[in-house]
Amino acid sequence: MTASAYARFVEGGESEWRRVGDALARLSRTGSRGLDHAELERLAADHRRIVADFSWARTTFPGTPAERRLRDLAFEGHRLLAARDAPLGERIRTWLTVTFPAAYADCAPERGIMLALLAGGALFGFVLGTLDDQAGALFIGPDSLAALRRGEIWTDHLTSVVPGSTSSGFIARNNMSVALLAWVGGLTGGLLSFYVVLLNGVMLGAIVAVCLRYGVLDRLLAFIPAHGVLELYVISVSAAAGLRLARGIVVAGPEPRSVTAAAGGRASMAVATGTLPWLLLLGAVEGFVSPLELPLAVELTIGVSLLLLFLGFARGGR
C-alpha cells in the first residue's frame, strides 16, 4: 500500500480514535459512573470499529504507529468493557445452589432408569447367588468364598491388613474411577453406563445371597450400610449423567444435534463433578467407620443421613 493510502487511513480514523482514547481514559479513571448510558453505548460501538481498524492495520500497515495505537486502544477497550468474572465465592455459591441442582433435575429420567437397573441387577444377582455360591466367587474371589464357608468374612481383616488412612484413599480412588467410567460411558451411547450400574447391582445381590447362605449376613450388614447406601446411589447418579450425555448425542430433536449434545455435555459434567467430593467422603467413611462394625441401626442411620445430605445438596438446599 502507498504512503497516501496510509495517510488517508489515519486521517479518516483520527477523530474517532481520539474520541475512543479520551472515553477509555475517563472510564479507567472513574469507572462506569464517569460515563452515562448513551456514552457507554457509543463507546461499545466505537470499540467494535477500533477492533476492525486494528485488524485492517495489522494486515495492511504492520509496524506503523497507527497499528500500534489501534492495538493499544483495542486491548484497553477489551480490558475495560469486557464482563468481569464474579468473585470466586459467588461463583461457588452459584454452582452449589443453581448449576448443580439444575443439572441434577435435568437428569431425572436418567436417574430413574439407572436406579431401576440397579435394583433389577441386585435382584438378579441375589437369585444367582442363591442358586450357586460360585456367583459370589466371581466378585469376592475363591479365597474369600472359602472363608465364608468356614464362617469367616473378608471384612474382619480390613483394618488389620491395611490402615484406615491408607485404605480410605484407595477406596476413594476406586469409587471415583467407577463413577467416572459410568459417566464417560455416555460416549458409548450409554452402553458402558448401563454395564457399570448393572454390574454393581448384580455384585451386591450375589454377595448378599452368598453371605446369607453361610450365616454371615449380619456381619456384612455391620459393614456396608454406612457407606454403601450413598455409594450405590452416587454411582447410579454418575451413570445417569453418562446417559444424559448419550441422550444429547444420540436422540434427535427439533434443535440441531450440536446444540443438544452441548446441552447434554454441560448437564452431565455438572452432575458428574458434583458427585466426586461425596466419593472422597465415602472413602473416609468406608476406611474408618465401616470397619467398626457398629450396630445395624447405627450403620443405617449414618448411611441414610449421608444420602439425605446429598439429596439436600442436589436440590440446592431446598
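Helix axes here are lines fitted to C-alpha atoms over the stretch in contact, and the angle between two axes runs from 0 to 180 degrees between N-to-C directions. The model is predicted.

**Exercise 1. Describe how helix α5 and helix α10 pack.**

Step 1. Locate the helices: α5 covers residues 108–131 and α10 covers residues 191–213.

Step 2. Read the geometry. The two helices pack at an angle of about 35 degrees, and 6 Å separates their axes.

Step 3. Find the hand of the crossing: α5 passes α10 in a right-handed crossing.

Step 4. Sort the residues of the α5 and α10 contact by type. There are 17 nonpolar, 8 polar and 1 charged.

**Exercise 2. Classify the aromatic pair of F54 and F75, and state which parts of the chain the pair ties together.**

Step 1. The whole structure holds 13 aromatic pairs; F54 and F75 form an aromatic pair with ring centres 6.5 Å apart.

Step 2. The planes of F54 and F75 stand at 75 degrees. Plane angles over 60 degrees count as edge-to-face, and the pair is therefore edge-to-face.

Step 3. F54 belongs to helix α2 (residues 37–60) and F75 to helix α3 (residues 65–81), so the pair joins parts that are 21 residues apart in sequence.

Step 4. Compare accessibility. F54 is buried at 9% relative accessibility, whereas F75 is exposed at 57%.

**Exercise 3. Classify the ring pair of W278 and F313.**

Step 1. The ring centres of W278 and F313 are 5.8 Å apart, with the planes at 40 degrees.

Step 2. Planes under 30 degrees apart would be stacked and over 60 edge-to-face, the rest being tilted; the pair of W278 and F313 is therefore tilted.

Step 3. W278 sits in helix α13 (residues 257–289) and F313 in helix α14 (residues 296–314), and the pair links these distant parts of the chain, 35 residues apart.

Step 4. Check burial against the limit of under 20%. W278, at 14%, is buried, and F313, at 18%, is buried.

Step 5. W278 and F313 belong to a cluster linked by ring pairs, together with W95, F100, Y104, Y233 and F310. R111 lies over the face of Y104, 3.7 Å from the ring centre.

Key: Residues numbered from 1 in each chain as written. Predicted model: local features only at pLDDT ≥ 70, side-chain atom pairs only at ≥ 80, totals over all residues. Heavy atoms only, no water. Helix = DSSP H or I, 4+ residues; strand = E, 2+ residues; numbered from the N terminus. Left-handed = near helix turned anticlockwise from the far one by under 90°. Nonpolar A, V, L, I, M, F, W, Y, C, P; charged D, E, K, R; others polar. Phe/Tyr/Trp six-rings, centres within 6.5 Å; stacked < 30°, edge-to-face > 60°. Buried < 20%, exposed > 50% of the residue type's maximum accessible area, 1.4 Å probe, protein only. Lys NZ or Arg CZ within 6 Å of the ring centre and 35° of its normal.
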